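Notebook open, model loaded. I want to work through one chain from the overall build down to single residues, and jot down what I find.

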Amino acid sequence: MKSLILKTVSKTLLPLLILFSVFVLLRGHYLPGGGFVGGLIAAVAFILHAFANGLPETKKLLRIHPGFLIPIGLTIAILSALAPIILTGDPLMTGLWQEQDVPVLGKIGSALFFDMGVYFVVVGVCLTIIFTISESV
Amino acid sequence: MTVFLFVILASFLFSLLLFGMGQKVFKRMTWFASLLPISLFLYFSSFAKPIMNGEVFNFFTAWVPSMSINLDFRLDNLALLFTLLITGVGSIVFLYTTQYMKGHPKLMRFYVFLSIFMGAMLGLVTSNNIITLFIFWELTSISSFFLIGFNNTESSSRKSAIIALSITGLGGLALLAFGVLAGQLTGTYSIAEMLQSPEIFANHEYTVYLLIFIFLAAFTKSAQFPFHFWLPGAMKAPTPVSTYLHSATMVKAGIYLLLRFTPHFQNNSYFFTTLLIVGAITMLYAAFQTLFKTDLKGILAYSTIGALGIMVFLIGIGTSASITAAIVFIVVHALYKASLFLVTGTIDHQAGTRDITKLGGLRKVLMPLSIAGLIAAFSSGGFPPTVGFIGKDLIYEATLNGGLNPTVLTTMAVLTNILMVFAGLLVGVKPFTGKQPVELGRIKKPHFLLWFMPMILAALSLLFGLFPAMVESLFTHNITPLLTGEASPHLAIWHGFNLIILLSAITIAGGIALYFLWKPSHKKESSMIKFNVWSPKSLALKFADLFQRLSYFLTRTFQNGYLRRYVLIILVLLTLVFGVHVFVNPRIFLSVKEIKELNWNEIVILAMMLVSVIFTVFTKSRLSAIAGMGVLGYTMCLIFVFYGAPDLAMTQFSIDTLTVILFVLVLYRLPKYLKLSNRTNRVRDGIIATSFGTFLAFTIIEIMNETPIKSTTEYYAENAYILAKGKNVVNVILVDFRGFDTMIEISVLAISAIGVFALLKLHLKKHEK
């Protein structure tokens with residue numbers, strides 16, 4: 001799509017949308033949001049960029065193949081699930097929580113890292129599928 | 001405690017180590033693999049002394065305590081007997097194989113499977129937890145599958161492997177059913193603790209199921225009639241495998257199971273009667289079959305089935321004497337049968353044939369081997385002074401003194417044993433005597449290990465025969481607790497002149513006479529083929545074939561690969577379910593008052609929905625249909641927003657966007673609709689879609705009228721902050737309460753992404769397609 005307006009806007013929107021997706025991810029434990037929605041928003045941001053500027057541009061911007069985000073996300077999620085076994089000896093997926101509140105974010109716990117894992121997997125999966133399909137047809 | 005756990009797992013770790021070495025490194029140091037069984041044998045031997053004194057060792061590690069699945073091992077005399085057999089025969093087979101399969105390109109793989117099998121077998125006989133017993137049981141079936149199909153380029157090997165796996169796998173399922181049922185009824189999954197509820201095993205409304213399941217498990221594994229046919233097929237495996245798995249150890253797992261549960265069932269007469277009948281049929285049938293075989297391994301296979309039949313038969317008699325006889329016979333049989341198998345292997349290796357009609361006169365070249373064969377044959381036939389003689393004595397003692405009808409039982413035992421004498425002589429003596437046929441050509445002398453290993457086993461047969469006290473103190477001394485309140489008989493080679501000696505003499509004389517009078521030939525073998533139509537094997541294969549055709553039919557009908565067919569089937573089925581429900585049990589109330597309370601914004605959304613649906617259905621362009629679907633999705637999101645489900649709305653919104661993008665990407669380049677599906681199809685689809693929607697709506701209205709059960713909702717709402725420190729209940733459920741589900745869901749997502757990537761990026765060349 002060769003629209004100058006879309007091109008310009010997408011370049012400004014991309015960082016904003018990613019920032020928004022991170023915001024949605026972090027607030028998930030207290031207010032509507034979470035890793036799944038956050039990941040989808042981030043994926044949409046990149047896809048918008050790809051629509052406006054062409055897929056090669058977006059790939060250049062990403063540097064790595066989005067597929068690599070999937071194992072990264074899965075690893076984070078698994079580690080956060082295993083953390084209680086390793087750190088405190090509790091069963092799998094027991095929530096571990098920091099004592100003090102962190103400003104803005106609230107309490108930080110293993111659930112947040114799990115959500116981050118979900119976020120990365122979702123971004124990776126969406127982008128991999130859509131990039132692969134758009135390259136192949 | 002942890003040491004024992006390590007010992008059980010050692011074989012599995014060892015197989016990984018072998019795997020890591022790779023074929024090339026392994027080929028240069030094949031002896032290395034034998035270290036495993038030898039060191040395990042030494043380890044288990046160290047328990048011999050205290051266990052002879054009546055000690056029992058327990059090793060307990062909690063594994064999944066919430067489901068009563070624990071790494072609970074128990075080493076008593078029965079378990080020790082089996083561990084020594086497994087590691088002892090294992091050592092010999094491991095060493096033998098280094099020469100027998102020397103230079104085989106996949107030798108490393110062979111040892112990997114063999115090690116896994118040994119570990120599984122050791123775990124099986126030491127498990128005190130019925131569920132871990134089941135796991136190890138299945139592992140033996142699986143490793144046996146790989147070993148039978150080791151020559152995987154031959155279709156007959158693969159077929160035999162599949163038959164063996166399906167039969168033993170069926171038994172494995174039965175064992176699981178038995179374990180779970182027994183565990184639920186007695187309230188414990190520990191085999192030893194189950195003994196405290198004897199009434200469950202003796203007389204309970206579910207006892208009959210326990211019996212059926214345990215019989216199915218034991219009879220399939222130990223090749224009892226009518227499940228015996230997988231064992232002759234399993235002879236497709238290399239001879240060391242037949243020696244180890246299919247005569248000395250794995251097939252005895254069923255016997256082990258029966259012996260292990262004999263104390264539990266000791267007040268249940270059905271248990272013993274069934275074993276008696278099945279064992280008798282098996283031993284007579286299999287022993288009779290040996291007359292008609294010409295392949296040495298075929299003869300050994302049927303005589304093994306016969307021996308297993310004798311063991312089951314002896315347990316079935318159900319006296320202390322008969323149980324002792326069964327246990328001694330396990331040792332006797334393992335020694336002579338493994339020896340005969342190895343002798344056969346060496347003959348095959350040197351002469352290149354196993355056909356009994358073509359073999360003869362090998363004693364000149366294979367002198368030491370012929371001695372091993374002779375002793376093993378003598379032990380098989382129960383000639384004094386081999387241990388086989390003692391075994392046979394005990395069998396007759398058991399049949400004469402026990403059971404309902406001693407005359408019948410003894411006659412059956414004598415008949416079987418005469419045929420076993422014949423089979424033993426045929427395999428152990430016939431190839432070495434007479435004149436060497438010219439076709440055999442020059443036969444090279446075998447490697448030292450190829451005759452020395454069967455010789456060790458044969459020598460043990462002789463040694464135990466001369467000093468029966470060794471067997472007694474090692475194995476049968478404390479076995480009596482299997483049946484409470486009866487003393488086991490003493491083993492001796494000479495009890496004086498009595499009926500038993502007479503029977504032994506008759507057996508030996510009969511066997512020798514048969515050996516000289518009956519010459520096996522291919523003509524006799526093929527004369528039996530006409531009965532094969534009614535053999536359990538061909539019936540089972542016919543059933544399997546039928547099953548396969550049914551599966552093909554079902555797959556072709558329901559999984560034909562067209563997305564539209566799948567959607568159609570799903571919708572029709574759901575429509576039927578909802579429709580029947582609505583007609584049978586109509587409970588639909590719509591209050592007019594509530595409809596009147598519609599807001600203007602709801603009315604607008606509804607209108608938008610209707611318009612987009614109509615547009616989607618009637619548009620002539622793909623892309624606009626997709627856009628219509630997108631609008632419909634967004635209006636749904638608006639409903640979620642108005643009714644307080646912001647999380648859902650956000651997710652649905654993003655998903656809808658992505659779906660539309662995806663469709664556009666795929667369909668963008670396609671031409672416009674070339675032709676619509678024909679009128680009948682469209683009418684049909686329309687009717688199905690409309691009725692599905694209607695009935696779904698009815699069902700939803702009905703659900704709305706039900707008072708919802710609030711307990712789950714309330715639990716999450718109350719505990720989200722207390723337990724998981726989150727205020728957004730939806731998210732807390734996703735990442736905490738049901739986090740494990742999410743974990744699996746993201747794994748599925750990852751797999752699907754890899755699938756899409758692999759499918760589309762797989763640029764196969766023409767010849768690869």
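Predicted model: local features only at pLDDT ≥ 70, side-chain atom pairs only at ≥ 80, totals over all residues.

**Chain B, looked up piece by piece**

I started with the element count: chain B has 33 helices and 2 strands. I then took the extents of the C-alpha trace, and chain B spans about 110 × 65 × 50 Å along its principal axes. Of its 769 residues, 43% come out as buried. I also checked how far along the sequence the contacts reach. Counting contacts between residues at least 6 apart, 78% join residues at least 24 apart.

**The strands**

Next I went to β1 (residues 57-64) and β2 (residues 69-75) of chain B. They run antiparallel, and I find 7 bridges joining them. One pairing I wrote down is F57(B) with its bridge partner L75(B) in β2(B). The hairpin has 4 residues between the strands, and there S68(B) takes a positive phi near 60°.

**One helix, checked for length and burial**

I picked α18 (residues 387-401) of chain B. How far apart should the ends of its 15 residues be? At 1.5 Å a residue the helix should span 21 Å, and its end C-alpha atoms are 21 Å apart, so the two agree. Then burial: 13 of the 15 residues of α18(B) are buried, so the helix is largely enclosed by the rest of the structure.

**A loop serine**

I stopped at S677(B), which sits in the loop between α29 and α30 (679-705) of chain B. Is S677(B) buried or exposed? I count 11 other C-beta atoms within 10 Å of S677(B), and the cut-off for exposed is 12 or fewer, so S677(B) is exposed.

**Where chain B touches chain A**

Last, the interface. I find 36 residues of chain B in contact with 41 residues of chain A. On the chain B side, the elements giving two or more residues are α29 (646-667), α32 (729-737) and α33 (739-761). Which of them gives the most? It is α33(B), with 13 residues. I sorted this side by class too and got 21 nonpolar, 9 polar and 6 charged residues.

How values were computed
Residues numbered from 1 in each chain as written. Chains lettered and ligands numbered in written order. Buried ≥ 20, exposed ≤ 12 C-beta atoms within 10 Å, placed from the backbone. Contact = placed C-beta atoms within 7 Å. Nonpolar A, V, L, I, M, F, W, Y, C, P; charged D, E, K, R; others polar. Expected span 1.5 Å × (residues − 1). Pairing = 2+ DSSP bridges.
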